[in-house]
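Please examine the model displayed here, first at one strand and its neighbours, then at the contact between the chains.

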Amino acid sequence: MSETDDLIALLTAPGTTLSRTISAVNALEKLTEPQRRVRIGVSSNVSVDLLSVFLRKYALLSGATADVCMGNHDDPLTDVDQFTQADVEQMVFLPFFDNLLPAFELQLELLEPEIVAAKEANLRARYRLVFEKARKMRQIYACSFHRYTPAVDTGVVNPVSRALDRFNEMLRSEAAAFPNVRIIDTGAIVHQLGAEAAFDPRFYLRNTAPFATPFINELARRIVAAARGFNSYFYKALVLDCDNTLWGGLIGEDLIEGIKLDPHSYPGRVYWQAQQAILALERQGVLLCLCSKNNPADVDEVLDKHPGTVLRREHIAARQVNWTDKVSNLQAIARELNIGLDSLVFIDDSDFECNAVRGALPMVRVLQVPKTLSDYPRLLSEICELFLAGGISAESRSKTAQYRQRQEAVDAIAQHETNEQYLASLDLRVQIARDNAANLARISELTLKSNQFNLTTLRQSPAEILQRIDSDSGTVYSLVVSDRFGNAGLTGVVLVSWQGETAKIDAFLISCRVIGRGVEFCVWPTLVEDSRRRGCHVMEAEYWPTEKNAQVADFYDRLGLPLVAEANGTRYYRAALDSFTPPLIDWIKVTQ
Amino acid sequence: MKTEDTLKDVMATVLGIVADSINEDTSMDTVEAWDSIKHMNLVLAIEEEFGISIPDEDAANITSYPLIRLVLNEQLKGK
């Protein structure tokens, strides 16, 4: 093992002491090439010095390095100014409830309700100012309020609980107005660890530092999970083994009567609960796939007929149920869904299969069903976090139906003589919208996750998209694609800056679900017309190469834009609008 | 590793100084980085490293290497 592997193992091991964590973080930062460097500011009304060490730790475990700046004590407005000057792009905002006023929880028993209400109104106004000031930051992690002192159970709701609920509601409603604010549920951390482990009253009294290291470690871990490891991953599909993963036993041997899968007994309920959790992911937009060494008919029998099955055939977006090796089958699934292997999470109970996939496909996230079944629910929570902690948009929900439509469309190609005839039969429609703030979350999500048909791979947070929408010097175009098989949703984005006489294409990307039908060409007449109307004479565009977007390296050539320069794989295009006529796609109906 | 060496390593890591430079004179007065926040981190780190709990009344007072060593040895004896 290399030194880097040793340090990573040390940082991931449970029980690594604080001092060893600090040395390992320092050493690993020296060894890590800073491919991704993130600057994070921390603004709090208590002392949380160690959060810096743990944010750096989880950044390193995601392959990034973090520079952390600590703000002043309880001075978020000044903090935001200072962070902005220091190019800090992400901020942890951590107001500690009990220190909103000295020993606030004790005072709440005595304070008049009007005073508490006034404090709430004052904080609301203050947080609104903070979020307003920080609206250009990429992301703000605003920590919710939680209880510090133990509650005496008097049988009625006490003033502290009541105030906590109200203040949290206030924080959430203020945060909801800003797309770059993500709430971190700190109450869940206290619940997970227990108050004894979460707080250290000695240092709260002496140094206004209430949190013990386990709390700070878990807070940092959750923040980095919410940031998808600072954009180091974006999982789209969960690939499932069947035997001893979706049910207990082997369907080929135990037969449908013999496998364990039911809500009322052990161990069947472990698998039944797992299927519940997995189906809930499908509802949130995660694609479910099967990769199992079995006879397809046996697996279908369970999905169609088993009284305990929660997962049904219609929930599965792609499947490879056969006797081929799992590495080839995972590759086939990625091809069929037109997504990268690094978008897959694979779960299997077998050491052999897990190791084979880890060895051959290191970009696939491999998780093993624990040998101790009572640990299975914890693994499922981990899977949910991998997919969901980064946030989800409504458009993403229940993607399976859209992918199945795509599969049916692929099948339909076979019945037509030429591709053109087929495309004409699809009755394709593209609706182009300009600066549609209602779709902000989906537009940002598409820029963050699209890799293949993406000319510049410019990642844009919701806040950055909002800035473009609000600004006069740029326009955000979004495309909604539909055909007779159904609505594929918002699947294309163009970001244009108006720079005097030049219309500059900052980003152009199309979801893989809709490429190959001419959609990528149909937006250009609208862009040319808008550019002319704004008084532009020239259009400029660039292709920035990545590991994944080779398929569009010549897209602008195919579009008819003249190549003017090329350096290190980056291709620069520039056309006089008078002489540029994009190809005509007569089988797509474009509406605005 | 001897207790004293481990202790010096922990102090060096938390305070960001060189372990070999720690001697009988090392204290909050002689090490610039050793402020109240770093002191708190130091107490936490020593507690975790040696699996002990430093009593609150000692925690604030052990502001030099000899004092920390003294309290640490007492705690380790009582373990």
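Which residue in β5(A) is the bridge partner of C143(A)? The partner is I184(A). The chain passes from β4(A) to β5(A) by way of helix α7 (residues 159–176) of chain A, a β-α-β crossover that is right-handed; that is, with the strands pointing away from the viewer, the path from the first strand over the helix to the second runs clockwise. Helices (H or I, at least four residues) and strands (E, at least two) are DSSP runs, numbered from the N terminus.

This is a predicted model, in which local features need pLDDT of at least 70, side-chain atom pairs count only at pLDDT 80 or more, and totals for chains, interfaces and linings use all residues. Residues are numbered from 1 along each chain as its sequence is written, while chains are lettered from A and ligands numbered from 1 in the order in which they are written.

Strand β4 (residues 139–143) of chain A pairs in the parallel sense with β5 (residues 181–184) over four bridges; pairing requires at least two DSSP bridges between two strands. Strand β3 (residues 90–94) of chain A also runs parallel to β4(A), joined by four bridges, and F93(A) stands opposite A142(A).

Five of the five residues of β4(A) are buried, meaning that 20 or more other C-beta atoms, placed from the backbone, lie within 10 Å of a residue's own. Q139(A), Y141(A) and C143(A) point one way, I140(A) and A142(A) the other.

Between the chains, 14 residues of chain B are in contact with 14 residues of chain A (C-beta atoms, placed from the backbone, within 7 Å). On the chain B side, α2(B) (36–50) gives the most, with eight residues.

Methods: Buried ≥ 20, exposed ≤ 12 C-beta atoms within 10 Å, placed from the backbone. Contact = placed C-beta atoms within 7 Å.
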